[in-house]
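Here are my notes on the model, as numbered points. Please read them with the structure open.

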Amino acid sequence: MFDLYDEFRKLIAELDKNQIDYALCGGLAMAVYDHARATIDIDLLILSEAVETVIAIARDLGYTIRGLDMSFANGAIEIRRVSKIHPSTGHVLSLDLLLVTPEIRGVWDSRVEAEWEGGELSVVSRDGLIALKKLRGSGRDIDDIAALQEDIGDA
């Protein structure tokens with residue numbers, strides 16, 4: 001089984017080394033906002049012009065399986081997926097790269113820096129995370145939105 005934290009740490013180190021802008025989103029971003037939950041993938045928001053570079057970096061980290069391109073919310077969400085298989089367990093870890101489209105440019109522009117491992121981690125803002133989850137609208141997303149909005153009410 002993969003150590004998600006270790007996989008994430010290695011990926012972010014390579015993105016930082018290569019000066020690639022990104023913003024963490026999805027389940028791992030929920031943990032940044034104190035709502036840790038089980039997740040089985042890594043979700044990053046990236047500029048579309050960086051996608052091939054990020055895929056090459058991921059390939060060097062073992063993400064050699066290229067998934068089909070995905071589109072949600074009438075093209076507002078464009079995802080490029082790469083995955084890797086654990087050599088002994090056969091478990092799959094996916095890296096979902098959400099491309100910055102005109103519809104979610106505001107989410108990208110509102111990203112924030114969070115303290116992480118003695119440095120900084122780029123993450124979508126709380127409002128940006130809510131906006132992304134509203135576009136997808138799964139049951140998990142609806143629960144996440146409620147938790148994030150509750151925090152806003154407590155502030």
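How many salt bridges does the structure hold?

1. The structure holds 12 salt bridges. A salt bridge here is a side-chain nitrogen of Lys or Arg within 4 Å of a carboxyl oxygen of Asp or Glu. This is a predicted model: local features need pLDDT of at least 70, side-chain atom pairs count only at pLDDT 80 or more, and totals for chains, interfaces and linings use all residues. Residues are numbered from 1 along each chain as its sequence is written, and side-chain values use heavy atoms, with hydrogens and water left out.

2. Start with helix α1 (residues 4-17). Helices (H or I, at least four residues) and strands (E, at least two) are DSSP runs, numbered from the N terminus. Asp6 and Arg9 form a salt bridge, with their closest N and O atoms 2.2 Å apart. Both residues sit in α1, three residues apart, about one turn of the helix. Arg9 has a relative accessible area of 31% and is therefore partly exposed. The classes are buried (under 20% relative accessible area), exposed (over 50%) and partly exposed (in between), with a 1.4 Å probe and protein chains only.

3. Lys17 and Glu14 also meet in a salt bridge, at 3.7 Å from N to O. They are three residues apart in helix α1, so about one helical turn separates them. Lys17 is exposed because its relative accessible area is 62%. Glu14, at 24%, is partly exposed.

4. Which residue forms a salt bridge with Glu7? The partner is Lys84, the closest N and O atoms being 2.8 Å apart. This pair links distant parts of the chain: Glu7 is in helix α1 and Lys84 in strand β5, 77 residues apart. Both Glu7 and Lys84 are buried. Elsewhere, a network of salt bridges links Arg66, Asp69, Glu78 and Arg80.

5. Now the sheet pairing around strand β6 (residues 92-99), where seven of the eight residues are buried. Two strands pair if DSSP finds at least two bridges between them. Strand β2 (residues 41-46) runs parallel to β6 and is joined to it by six bridges. Leu44 has Leu97 as its bridge partner in β6. Strand β5 (residues 77-85) pairs with β6 in the antiparallel sense, over eight bridges. Here Glu78 is partnered by Leu99. The β5 and β6 strands form a hairpin with six residues between them, and Gly90 in the turn has a positive phi of about 80°.

6. The largest nonpolar core has 49 residues. Such a core is a set of buried Ala, Val, Leu, Ile, Met, Phe, Trp, Tyr and Cys residues joined through side-chain atoms within 4.5 Å. Phe8, Leu15, Ile42, Leu44, Leu45 and Leu95 touch the most other members. With neighbours within four places in sequence set aside, Leu45 is in contact with residues including Tyr22, Leu98, Ile104, Trp108 and Val124.

7. Last, helix α5 (residues 126-136): its buried residues are Gly128, Leu129, Ile130, Leu132 and Lys133. Gly137 follows α5 and has a positive phi, near 70°.

Key
Contact = heavy atoms within 4.5 Å.
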